[in-house]
Structure formats: structure tokens, C-alpha cells
Amino acid sequence: MPQPNTPLPYLIIDFDSTFTQVEGLDELADIALQGHPDREKVVGEIRALTDQGMSGSLSFSESLKQRLALLPARREHLPLLVAQLKGKVSESIVRNRGFFEQFPGRVYIVSSGFREFIEPVVADFGIAADHVLANTFTFDATGRITGFDPENVLSRDGGKILQLRELDLEGDVYVLGDGYTDYQIREAGLANRFYAFTENVSREAVVARADEVLPSFDEFLYQNKLPMTLSYPKNRIKVLLLENPDVRAAELFRAEGYQVDSVPGGLDEEELLERIEGVSILGIRSKTQVTARVLERANRLIAVGAFCIGTNQIDLTEAMKRGVAVFNAPFSNTRSVVELALGEIIVLARRIPEKNPKMHQGEWDKSARGSFEIRGKKLGIVGYGNIGSQLSVVAEAVGMQVLYYDVAEKLQLGNAVRCRTLQELLQQADVVTLHVDGRKDNTNLIGAAELAMMKPGALLLNNARGHVVDVPALAAALRSGHLGGAAVDVFPYEPKTNDEGFESELRGLPNVLLTPHIGGSTAEAQRNIAEFVPERIMQYINTGNTQQSVNFPNIQLPLQQAHRLIHVHANVPGVLARINNVLAEHHVNILGQYLKTNEHIGYVITDIDKEYDQEVIQALRAVEHTIKFRVLY
Ligand SMILES: NC(=O)C1=CN([C@@H]2O[C@H](COP(=O)(O)OP(=O)(O)OC[C@H]3O[C@@H](n4cnc5c(N)ncnc54)[C@H](O)[C@@H]3O)[C@@H](O)[C@H]2O)C=CC1
Ligand SMILES: O=C(O)CCC(=O)C(=O)O
């Protein structure tokens, strides 16, 4: 690891809820009360006392005394507790184990907890017993914990202050902790700075008094320019989520340590321009337009997540040229659209859109006129991609004959018959369903001429994109009675939020089923998407893996013991050679390297074998044609 530029201050680190994610005594209570009839009640009382002691509302010694009195703990519980705590060390501390191993002499664990469980946990990080200052238990002859050693200064009120006085450290002293007793060290003038550590718990009274708030230990290392495992603290990564993706997405990003902001509904270009600065990850669905202007303003954008299939709302090329990777969920809502389409075919074939409102108005219109079974009818699928081909299988299962047309060569499933032209399909199908992608060329793919080619009484479904159908032409074909009905889920203009009204020429037409772009809006699909997209983005940020990115060259380099650099550059000759020259000039050995290019950019992941210093980083950033350069770890 590179050495810090300035002498390292002494770090006084609290143990419970700081070094570890939990309070040691709470965990001990859990273990000791296994099988106890009042377990939950007693554990709850102990937790409440811990909290009161930590926030300063109960004196520390009183809180400790009362907690130990409630605790039927024994010596033999301690090994179990230690094993449990070793698995609950704070994630950012674990991540930066190397820092502790490198500077054990500058770190003291000062805790009102107990040496018996602290010492073995921190020893794994190279922190010696004489740098652990903590209470000690007292036991009776049978091994039951009876209390604490009253001679230990840490058992008293203001114990940490007394302990720091005894330590009498020379030089700068920084305190990191989550409790009031940690802040008191700074208040007593025994530390230069107090950092409220909030990775596990955030107490208002403590945060209010802190010099700095640390959502992670990475943040401390970053602020103080100290060696760290990550190149950038995750808590500095800002996520902006629009259009209400499932809550799971925010949960996953937060669990990763990112800051998450959500805006219900979509934002128009001007609104997005105002919000995009400083955002590292933008999450959208189908409505938000990510334009070249937005991307130009997006000064920290690393990735865009489309929480849907379609990505036509994003300027993919501009994003690529600016080194912004775009990910979507290419099959998380496929089945939901297929089920909707199948339902729509049946519903239209039975003229339900007409009958249902009549019933609600008290009109009984029992008639078979214009209604038919779908068995044996011809379903024409335009766009035989993920949705189209899955619908093909399901439609055959209910007895339909499937025809399909796709501009690309596609595997023919079951008994589906390929049409060579769109015209061939339109002329034969009883039901035409559109599942093409939203590329610009597909604008008005179905216009007046195509509608005229369809069989009289045929049905049309559009669950793809609004611009694919010429809506006035469709409305005319329905009004004239040439088409027997239509189901439309997507529109050239869609309201930004549920508060905006919906306008369309299709409103009020006979046997027309209109739905508010809900093809993928099922609990299952939304949950799948909210897991799929964040996972891809976090993988990209953490490992550089771009598999399934829709605009970046797809690369996956296996993880190895190395430092990883990623470099996005304009695809011109010689950039890789220049990167490697810089590494060679700095005597950095390459352990693995993978470059892939597309027509605009080159993306290269390089694993190197040794510590990098700022000079190498600056030199790599300065390589001509660099678009983005990141050190991952
Ligand atoms: N209504 C909704 O809520 C949802 C709508 N969608 C939309 O459904 C559409 C299809 O999605 P997927 O099947 O996942 O996409 P996909 O990319 O797997 O399939 C699209 C297929 O359309 C073909 N295609 C493109 N233009 C064509 C043309 N002019 N003529 C014939 N074939 C053409 C492509 O070659 C491809 O095989 C997309 O537009 C997507 O945005 C997707 C999910 C939900
Ligand atoms: O659910 C959404 O917002 C959009 C669904 C969609 O159209 C898609 O996945 O492409």
C-alpha cells in the first residue's frame, strides 16, 4: 500500500457498533438467554439500556450495571460470542483490513465493552492486546459472569476520558465511534477530532456533535488521504431513481453503501438537467428521456439503469461516447407482457371491452355477435424476439396457429411459420401482435397501408412502443369497422405521472382495450427487474464487468489478487499501447488485460500486480483519447 503523505494520527476506535456491526453485550444476551422463556423481553431491556447509555440519557456505569444484572451469562458462552462477533465486523473495517495490519501501532481500541471478547476479534486485524483498552468481567466459582472489575477506569462514568489521560498520547488523536462516550473524549480536549461512525447505527445526539460523519471507514481513509482498499468511498456514490422502480432497488443500492434519492414519476429534460449533476447512477423506466444535453450535464455519471426492457428513451451512443455504461433488464418482465397479450387476445375476441362497461351501466347485452374462440385462429407475431417468441409458445399451447415476421433470422419455435414479409403476415393473421423494439426506424411501422392489408375484422395488439403504430390511422380503421378491435398499452405520448390526464384518439372507440403501459407492471416482473439492474450496475462499478451492458463492449475478466484499472477511450489506434507504455515506464507488471472495442469506444480492464501511486494514475488519466479512467481497487 502507498504510504500516507503526512504522519498518521492516533486512531481511537470504539468497538461495539463501530468496529463491529453489533453491541457485544446484546449478542451475549442473545446467546445466554437461548431457550429462556422471557428471552425476547430481557434482550429488549438490555438493548434499551445499551441505547440509553450510548446516547447519554443514562449514566454509562448505571447502564452497564443494570445490563449485567439482567444477563445470565457464563464463561462458556464467550467462545461462541467471539465466533459470532468475528462474523459481524463492520464491512468497511473488513474491507480495509490491510490498513490495520499496516499501522497497528497507531490504532487503539478503547471500549466500555469487555476485553474477553474484544481482544480475539481485533487480533485478527493485527491489533495487539496492549492496544485494547476495555473492561474485564468478574466471574463466580461456577463460571457465571457476576459483573465487572470496578478498578478498571473504563467501568466508570467518563471512563474513556480517564483512559485517554492515562494513555497520554503525543501528536494528533482522532476518535471514531458511535456513542456519546466517544464524543466526550473530544469534548474533554483529549482528541483533535471526533468522527461519528454511522455505518451501523446513527444517533442524532452524537452526529450533532461530530466534526465529521462517517458512513463508512472508507470515508475516513478517503478524507484523510490514507491508504484504502477501494479507490472511492461507496457512500459518495449518489443514485437517483425515477419512475418508482420496486423498493428492492433502493434497498440493494443502500445495502451497498450508496446514497439513494428517489423521485416518483418521471422528470422532463429541464427537470432532469437540474437534478443530474453529482449523480453517479441514474435509474429510469420507459418515460424518462436521457438526452445528449442531460448526458453533457451529468458530470459524475457512471451508469444508467433502465428498469425495463426498452432503451430507446436513452441516447445510447452519446452515453457510450461519454463513458457512461447503460444496463437494462432484458427478460425480467417478458413473461408479464406475454400473459397480458394472451389475455388481450381472448378479451378482444369476446368483445369484452364493449360488454363490460354496459354491465356496469345496468345493460344486459347477451349475444354471440362478433365473438369467436381463439383456438385454430392465426396469430401473426411481428418481432420474434424474447417476448414474441415466448408468446408463440404460449399461443400454440392454447391452440392458435402462429405466423411470425422478424427482420433478423430467428429460431422458429414449435410449429410457428415464418413469413418472409410483413405484408404476408398481415394478409393472413386473424390477430396481429407487435413485439418489435423501439428503434426509430420502427416509427409508423403499422400505418394506413399496413392496416388496410389486414383481414376485415382482424384484431391488432400493440404492447411494444407507441410510435410503432400510426394512431390516427388505427383510429380510422377501427371507426370504419375494418378492424374488429385493438388492445393498446403504449402511446406516442404518455403522461408523466398518474396526476396527468390521458388524451388519445383511441378513447371511446368500440372494442378497444386501453391500458396505461402496464405490460411489465406485475409484482414479479418489478421485483425481478429491481434485483437484476442494480446487480449489473454494482458488478460494473465493483469489478468492471460490462456483461449485458447495452452500449458498452461486453467484457468480463475473472477476479484475481490484483489491482484493477478500467479505461474507456475513443476507439483510435494506439491507445492500448500508450496505456501499457505508462505502466512499463512505472515498472508495473500486468497480470491480466482485456480490451474490446466497438465503432466508437475501446474498453480495457487491466489487472496489475503492485501498488499504484498517484503518479501512475495521473499518467494514465493523461493518456490521449481517454474518456474515463477508474481505479477499482
Ligand atoms: N408494454 C410494456 O410494458 C412492455 C413493452 N416492451 C417492449 O416490447 C418490445 C419487445 O421486447 P423484447 O421482445 O424483449 O425485445 P427483443 O429485442 O428481444 O425483440 C425485438 C425483436 O423485434 C425485431 N424487430 C425489430 N424491428 C423489426 C421490424 N421492423 N420488423 C420485424 N421485426 C423487427 C428484432 O429483430 C427482435 O427480434 C420492446 O419494444 C420493448 O420495449 C417490453 C416490456 C414491457
Ligand atoms: O414498466 C415500464 O415502465 C416500462 C416497461 C417497458 O416498456 C419495457 O420494459 O420496455
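Which residues surround ligand 2? They are R285, S286, C308, I309, G310, N333, R465 and H517, where a residue counts as near if one of its heavy atoms lies within 4 Å. This shell divides into 2 nonpolar, 4 polar and 2 charged residues, in a scheme where Ala, Val, Leu, Ile, Met, Phe, Trp, Tyr, Cys and Pro are nonpolar, Asp, Glu, Lys and Arg are charged, and the others, Gly among them, are polar.

Before going on, a word on conventions: residues are numbered from 1 along each chain as its sequence is written, while chains are lettered from A and ligands numbered from 1 in the order in which they are written. As this is a predicted model, local features need pLDDT of at least 70 and side-chain atom pairs count only at pLDDT 80 or more, whereas totals for chains, interfaces and linings use all residues, and side-chain values use heavy atoms, with hydrogens and water left out.

Turning to ligand 1, we find 29 residues around it, the closest being I387, D406, V436, N442 and D489. A polar side-chain atom of D406 is 2.6 Å from an oxygen atom of ligand 1, and a polar backbone atom of V436 is 2.8 Å from an oxygen atom of this ligand. Taken alone, ligand 1 exposes 870 Å², and the protein buries 90% of that. Its shell comprises 11 nonpolar, 12 polar and 6 charged residues.

Now the protein as a whole. It has 25 helices and 24 strands, defined as DSSP runs numbered from the N terminus, with helices being H or I of at least four residues and strands being E of at least two. The C-alpha trace spans about 95 × 70 × 45 Å along its principal axes. Of the 633 residues, 51% are buried, where buried means under 20% relative accessible area, exposed means over 50%, and partly exposed is in between, with a 1.4 Å probe and protein chains only.

Helix α10, residues 180-187, is largely enclosed by the rest of the structure, because 6 of its 8 residues are buried. The buried ones are Y180, T181, D182, Y183, Q184 and I185, and just after α10, G189 takes a positive phi of about 80°.

Aromatic pairs come next: rings of Phe, Tyr and Trp (its six-membered ring) pair if their centres lie within 6.5 Å, and planes under 30 degrees apart count as stacked, over 60 as edge-to-face and the rest as tilted. By this rule the count is 29. F114 and F137 are stacked, at 3.9 Å centre to centre with 5° between the planes, and they link strand β2 (residues 107-114) with strand β4 (residues 137-139), 23 residues apart. F114 is buried at a relative accessible area of 0%, and F137 is buried at 6%. F327 and Y540 form a tilted pair, 5.8 Å between centres and 45° between planes, and both are buried.

Finally, two backbone details. Most residues other than glycine have a negative phi. N511, however, has a positive phi near 50°; it lies in the loop between β19 and β20 and is buried, with a relative accessible area of 1%. H625 has a positive phi of about 75°, and is partly exposed at 32% relative accessible area.

Technical notes:
A polar contact is a pair of N or O atoms within 3.5 Å; within protein, one must be able to donate a hydrogen and the other to accept it, and residues adjacent in sequence count only if both atoms are side-chain atoms. Accessible areas come from the Shrake-Rupley method with a 1.4 Å probe; for residues, only the protein chains shown count as cover.
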